Amino acid sequence: MPLASSAQRREALYLSLASIPAGRVVSYGQLAEISGVPRGARWAARTLAQLPEDSRLPWHRVITASGRPGLGPDCPAGAEQRLRLREEGVSLTNDRVNMRQHGWHPTLQSG
């Protein structure tokens, strides 16, 4: 059953985002699906882009489906994302995260 309002969808995204463990990543599409918005990768990206600057939510754990950080390495937020991922033990090779090693799949792990 789809969530009724944009505020409910946003709250579901925030709760899903907060549950991603350190050292793990999800794609924008996975985050949207976990939040109850299937095929909502672009919506998830837009919603994350609107987080307040002082947010403590782990936005850096959300990457593209290809394993690349969503922000370019030349912008301050992109550099911060890569630094935070490395600090959590997420390795990047050729600016990509190994999704098999670091991907988070809550439905499989909660079994």
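Biologist: Among contacts in this chain between residues at least 6 apart in sequence, what percentage join residues at least 24 apart?

Modeller: Here a contact means heavy atoms within 4.5 Å. Of the contacts between residues at least 6 apart in sequence, 58% join residues at least 24 apart. A word on the source: this is a predicted model, with local features needing pLDDT of at least 70 and side-chain atom pairs counting only at pLDDT 80 or more, while totals for chains, interfaces and linings use all residues. Residues are numbered from 1 along each chain as its sequence is written, and side-chain values use heavy atoms, with hydrogens and water left out.

Biologist: Which elements does the chain have, and in what order do they run?

Modeller: Helices (H or I, at least four residues) and strands (E, at least two) are DSSP runs, numbered from the N terminus. The chain has six helices and four strands. From the N terminus on, the order is α-β-α-α-β-α-β-β-α-α.

Biologist: How do I read the overall dimensions, and what radius of gyration does the chain have?

Modeller: The radius of gyration is taken over C-alpha atoms, and the globule rule is 2.2 Å times the number of residues to the power 0.38. For 111 residues a compact globule would come near 13 Å, and the chain agrees because its value is 13 Å. The C-alpha trace spans about 40 × 35 × 20 Å along its principal axes.

Biologist: What percentage of the residues are buried?

Modeller: Buried means under 20% relative accessible area, exposed over 50%, and partly exposed in between (1.4 Å probe, protein chains only). By that reading, buried residues make up 36% of the 111 residues.

Biologist: Now to the helices. Which residues of helix 1 are buried?

Modeller: The general idea first: an α-helix has 3.6 residues a turn, so residues three or four places apart point the same way. In helix 1, the buried residues are Ala-12, Leu-13, Ser-16 and Leu-17. Seen down the axis of helix 1, they fall within an arc of 135°, so they line one face; the arc is that of the directions from the helix axis to the C-beta atoms. The buried residues of helix 1 pack against helix 2, helix 3 and strand 2.

Biologist: What about helix 3: which of its residues are buried?

Modeller: Helix 3 (residues 41-49) buries Trp-43, Ala-44, Thr-47 and Leu-48. Their arc, viewed down the helix axis, is within 130°, so these residues also line one face. Turned away from that buried side are the exposed residues Arg-42 and Ala-49. The buried residues of helix 3 pack against helix 1 (6-18), helix 2 (28-34) and strand 2 (62-63). Take Thr-47: with 7% relative accessibility it counts as buried. Beyond its neighbours within four places in sequence, Thr-47 contacts Arg-10, Leu-13 and Tyr-14.

Biologist: Which residues of the largest nonpolar core touch the most other members?

Modeller: In soluble globular proteins, nonpolar side chains tend to be buried together. A nonpolar core is a set of buried Ala, Val, Leu, Ile, Met, Phe, Trp, Tyr and Cys residues joined through side-chain atoms within 4.5 Å. The largest one here has 16 residues, and Leu-17, Ile-20, Leu-31, Leu-48 and Val-62 touch the most other members. Helix 1, helix 2 and helix 3 each supply at least two residues of this core. Apart from it lies another core of six residues, including Ile-63, Leu-85, Leu-92 and Val-97.

Biologist: Is Ser-27 buried or exposed?

Modeller: Ser-27, in strand 1 (residues 26-27), counts as buried at 8% relative accessibility. Leaving aside neighbours within four places in sequence, Ser-27 contacts Val-62, Ile-63, Thr-64, Ala-65 and Met-99.

Biologist: And backbone angles: where is Arg-39, with its positive phi, found?

Modeller: Most residues other than glycine have a negative phi, and most peptide bonds are trans. Arg-39 has a positive phi of about 55° although it is not a glycine. Arg-39 sits in the loop between helix 2 and helix 3 and is exposed, with a relative accessible area of 82%. Asp-95 likewise has a positive phi, near 60°. Asp-95 belongs to the loop between strand 3 (92-93) and strand 4 (96-97), and at 23% relative accessibility it counts as partly exposed.
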